[in-house]
Amino acid sequence: MNTRPIHLTVNNQGYEVLVPEDATLLELLREEIGLTGTKEGCGAGECGACTVILNGKPVNSCLVMALECEGASVRTIEGENADGELSDLQKAFIEHNAFQCGFCTPGMIMSARALLDTNPDPTHDEIKEAMEGNLCRCTGYEAIIAAIEAVGGIQK
Amino acid sequence: MPGFLQPTTLEEAFALLDGKGETRFLAGGTDLLVLLRLGAISCDNVMDVKRIPELSTLRLTDETLEIGAAWTCNQILAAPEVGSEYAPLRQASAALANSLLRNRATLVGNICNASPGGDMLPACLVLEGSVVAASSRGERTIALKDFFTGVKKNVLKPDEIVLRTVFPRTQGRGTYLKKKRIHGHDLAQVSVAGFYADDGHLRLALGAVAITPLLLDFGVIPAAELPARRTEIIEAVAAAAKPITDVRASREYRLAMGRLFTERIIDGLIDGSLGLAEDRPCTTPAREAVTA
Ligand SMILES: Cc1cc2nc3c(=O)[nH]c(=O)nc-3n(C[C@H](O)[C@H](O)[C@H](O)COP(=O)(O)OP(=O)(O)OC[C@H]3O[C@@H](n4cnc5c(N)ncnc54)[C@H](O)[C@@H]3O)c2cc1C
Ligand code: FES
Ligand code: FES
């Protein structure tokens with residue numbers, strides 16, 4: 001398989017990497033750049049474990065081709081504690097027991113981050129809609145929604 | 001897995017298609033990449049068409065609404081040009097998969113994929129949609145009622161790129177109703193779109209009840225005649241539906257729900273409740289309306 005160079009920004013840091021032509025954005029992040037916080041669950045758009053923020057929008061990175069992202073800006077779970085401290089969402093997930101095995105959590109937090117970036121004070125229903133592509137096999141969804149509501153500053 | 005092509009003009013796209021083996025077009029990839037990874041399809045190249053400028057425009061003119069092929073469902077929902085008169089289109093956009101996938105899934109990808117259960121298809125049919133396709137031989141417009149030929153089959157030639165979907169300007173009342181197994185993302189078990197133009201033209205379309213989406217064009221029925229013709233309309237829809245039993249639903253369930261949705265639409269038109277309280281701009285669009 002041919003490789004091609006790609007330039008993109010991940011968590012505000014510029015990268016120039018060689019990627020196989022058929023690689024997905026998920027593979028680029030995990031295997032070429034070494035950011036393994038983003039997870040692969042199903043590899044088919046079903047679970048949302050691979051969610052990253054691509055040019056401001058949350059997407060399933062398993063269904064984006066790496067070479068589509070030339071010039072793109074990507075945010076991953078590693079960007080949440082870029083300054084060495086856990087982000088508000090990460091702290092809220094801990095406080096609300098919003099994960100057990102944690103496999104879905106990077107994707108959950110990226111979907112929630114994208115929501116809060118455009119809608120800082122979302123309603124319960126808006127949170128549910130924004131999170132509907134992220135599946136969790138352990139925790140149930142109430143704690144996850146509560147964590148996001150807490151960051152959104154909504155009184156329960 | 002195939003090579004990757006990313007033209008930035010139509011001319012470049014046509015040149016790249018020449019003699020390069022089989023090329024598949026990539027929009028949001030939410031069908032194509034799943035099928036490629038499953039090994040259900042194969043090709044020599046994938047061509048990302050989203051950087052071709054002709055595919056990125058959305059225009060509302062005096063005669064038409066034109067939606068470029070790179071437009072995603074979520075972008076369509078956020079576009080002020082796609083007003084409440086296009087309610088079936090808005091509601092189908094909101095019913096497709098989930099909000100995450102809708103950031104990538106395009107209207108044209110749904111149309112070209114031509115799944116009988118594709119959410120956008122009944123909505124586009126009742127709104128008299130067509131697509132404009134281009135190849136090195138020129139452009140042609142194809143009415144969607146003549147577009148679908150079978151399960152995941154359409155009339156496009158392998159080298160034809162769809163540039164946009166086009167709808168006539170219209171006024172009227174309509175909706176899109178989708179029945180699915182779960183609250184999360186799932187293809188329709190059955191779906192019904194309806195549009196009743198202000199001039200009295202009634203169109204209904206059904207998804208997941210045949211190998212292609214079905215359009216039923218009832219012509220002009222004045223509002224005063226709708227109650228008397230209610231049964232005839234519902235029976236015509238029921239007679240046209242030829243569903244099968246599969247993992248999502250039995251044949252009988254599809255028939256029953258298709259009938260129920262048709263009744264709801266006709267009754268909503270008769271009592272005036274359909275199409276009055278269209279919510280827009282919508283973040284949680286017509287949730288009750290789409291997941292009955
Ligand atoms: C988890 C999951 C849930 C889903 N749920 C639903 C659902 O509820 N309802 C539903 O209807 N669909 C659903 N889908 C299917 C899919 O998301 C939609 O069909 C979507 O609209 C496809 O658009 P796309 O832009 O991703 O298309 P792509 O995958 O990029 O393309 C689809 C097909 O169209 C062709 N194509 C794309 N653009 C062009 C063009 N400009 N010219 C010519 N050919 C073109 C491609 O070559 C390919 O054959 C789901 C998919 C997944 C993975
Ligand atoms: S790994 Fe991408 S959606 Fe499951
Ligand atoms: S915490 Fe285990 S999948 Fe969500």
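1. The helix α6(B) supplies the largest share of the shell around ligand 1, namely five residues, where helices (H or I, at least four residues) and strands (E, at least two) are DSSP runs numbered from the N terminus. The model is a predicted one, in which local features need pLDDT of at least 70, side-chain atom pairs count only at pLDDT 80 or more, and totals for chains, interfaces and linings use all residues. Residues are numbered from 1 along each chain as its sequence is written, chains are lettered from A and ligands numbered from 1 in the order in which they are written, and side-chain values use heavy atoms, with hydrogens and water left out.

2. Ligand 1 is surrounded by 32 residues (a heavy atom within 4 Å), the closest being Phe25(B), Thr30(B), Asp31(B), Thr106(B) and Asp119(B). Because these surrounding residues come from chains A and B, the site is shared between chains.

3. Oxygen atoms of ligand 1 lie 2.5 Å from a polar side-chain atom of Asp31(B) and 2.6 Å from a polar side-chain atom of Thr30(B).

4. Between chains, 29 residues of chain B are in contact (heavy atoms within 4.5 Å) with 32 residues of chain A. The two chains bury about 2400 Å² between them (accessible area, 1.4 Å probe, lost on being put together and summed over both), 51% of it on carbon and sulfur atoms.

5. Five salt bridges (a side-chain nitrogen of Lys or Arg within 4 Å of a carboxyl oxygen of Asp or Glu) are counted between chain B and chain A. The side chains of Glu40(A) and Arg37(B) form a salt bridge at 3.2 Å, N to O.

Note on methods
A polar contact is a pair of N or O atoms within 3.5 Å; within protein, one must be able to donate a hydrogen and the other to accept it, and residues adjacent in sequence count only if both atoms are side-chain atoms.
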